[in-house]
Amino acid sequence: MSDNKNCFNPSQKENICIDTYRVLDSCRDKDCFENVKVYLTDFGEEIIERTSVIRAKYAKIICAYIDINDVPFNRGFYQLNIKMYVKIIFEACVCPGNIQEFEGLAIVEKKVILFGSEGNVNVFKSEYNDTGFCKSVCDTSNSTTQPIAVLETVDPVILSVKVADTRECKCMCVCCIDDIPSHVLKRFNGNICEKEEKALLVSLGFFSIVKIERPAQIVVSATEYNIPDKECVTSSEDDPCTLFRAMSFPVNEFSPHIINSCGCSVPAPKPPKDHRCGCGN
């Protein structure tokens with residue numbers, strides 16, 4: 001009779017170690033930055049000299065930098081200096097019936113203090129290098145003892161747009177043109193410039209989550225990978241409506257939502273079964 005102790009059992013659990021990152025501290029913010037100066041291209045500067053009828057179409061964060069530093073006399077706490085570069089597309093009415101688009105760059109900055117604990121271990125990791133087999137002696141990445149800062153945010157909400165005289169406006173300026181990274185400037189059609197006559201100011205609202213993390217090892221209980229029972233369904237070129245007919249009707253898309261007492265959007269209540277109204281009921 002054969003011994004079954006060494007037989008493979010796909011449902012057998014075992015403890016495995018996962019190398020990941022542990023969130024030590026986090027916070028959420030709803031920031032409003034008022035009267036942020038917009039750095040325009042040459043084309044945009046010409047437009048704001050000719051009109052003040054301007055509106056913003058949309059804004060998109062194209063880059064963000066996070067600088068992390070120890071907080072003096074507070075061991076384990078770190079100050080995060082966050083700078084976000086926002087590309088904004090504007091529309092201007094240069095004459096009756098003529099709308100012209102132009103681009104601009106807004107830069108905002110915020111500071112956050114979070115707990116990141118203390119670390120005494122330098123982490124070295126091997127990374128891919130395409131220089132061939134002859135590498136330098138220290139061809140690995142060096143991580144300091146500082147934790148890792150993470151920013152999660154959505155594209156900002158444009159709250160207001162206005163044109164002001166640079167000699168009178170009190171705008172929010174966090175850097176000069178020479179400090180803007182080159183790869184940010186390449187995202188614009190034209191040269192970003194800074195003139196002294198007029199300034200375009202915007203107010204932006206940001207929803208963000210800031211986290212501070214450190215490497216960690218976690219032991220979890222796992223089983224072998226299970227093969228899915230569900231088969232992939234594809235449409236047939238001869239009958240393209242087959243897949244469409246198999247889709248569920250999107251009831252929620254047709255159901256209006258209401259705002260409850262907490263300010264949350266919830267589906268509208270369904271009428272009672274004995275309620276008779278229209279549509280053949």
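Reader: What stands opposite Leu-40 in strand 9?

Author: Cys-193 does. Keep in mind that this is a predicted model.

Reader: What makes strand 1 and strand 9 a pair?

Author: Two bridges, in the antiparallel sense. Pairing asks for at least two bridges between the strands, so strand 1 and strand 9 qualify with two.

Reader: And which residue is the bridge partner of Leu-40 in strand 4?

Author: That's Gly-104. Strand 1 and strand 4 are antiparallel too, with three bridges. Since at least two are needed, they count as paired.

Reader: How many bridges join strand 1 to strand 10?

Author: 22, and the two strands run antiparallel. In strand 10, Leu-204 is the residue facing Phe-33.

Reader: Why is Val-157 called partly exposed?

Author: Its relative accessible area is 39%. Buried would be under 20% and exposed over 50%, so Val-157 at 39% lands in between. You'll find Val-157 in strand 8.

Reader: How do you know that the buried residues of helix 1 are on the same side?

Author: Those are Gly-44, Glu-45, Ile-47 and Ile-48. They cover an arc of only 160° around the axis, so they sit on the same side of helix 1.

Reader: What do they pack against?

Author: Several strands, among them strand 1, strand 9 and strand 10.

Key
Residues numbered from 1 in each chain as written. Predicted model: local features only at pLDDT ≥ 70, side-chain atom pairs only at ≥ 80, totals over all residues. Heavy atoms only, no water. Buried < 20%, exposed > 50% of the residue type's maximum accessible area, 1.4 Å probe, protein only. Helix = DSSP H or I, 4+ residues; strand = E, 2+ residues; numbered from the N terminus. Arc of directions from axis to C-beta. Contact = heavy atoms within 4.5 Å.
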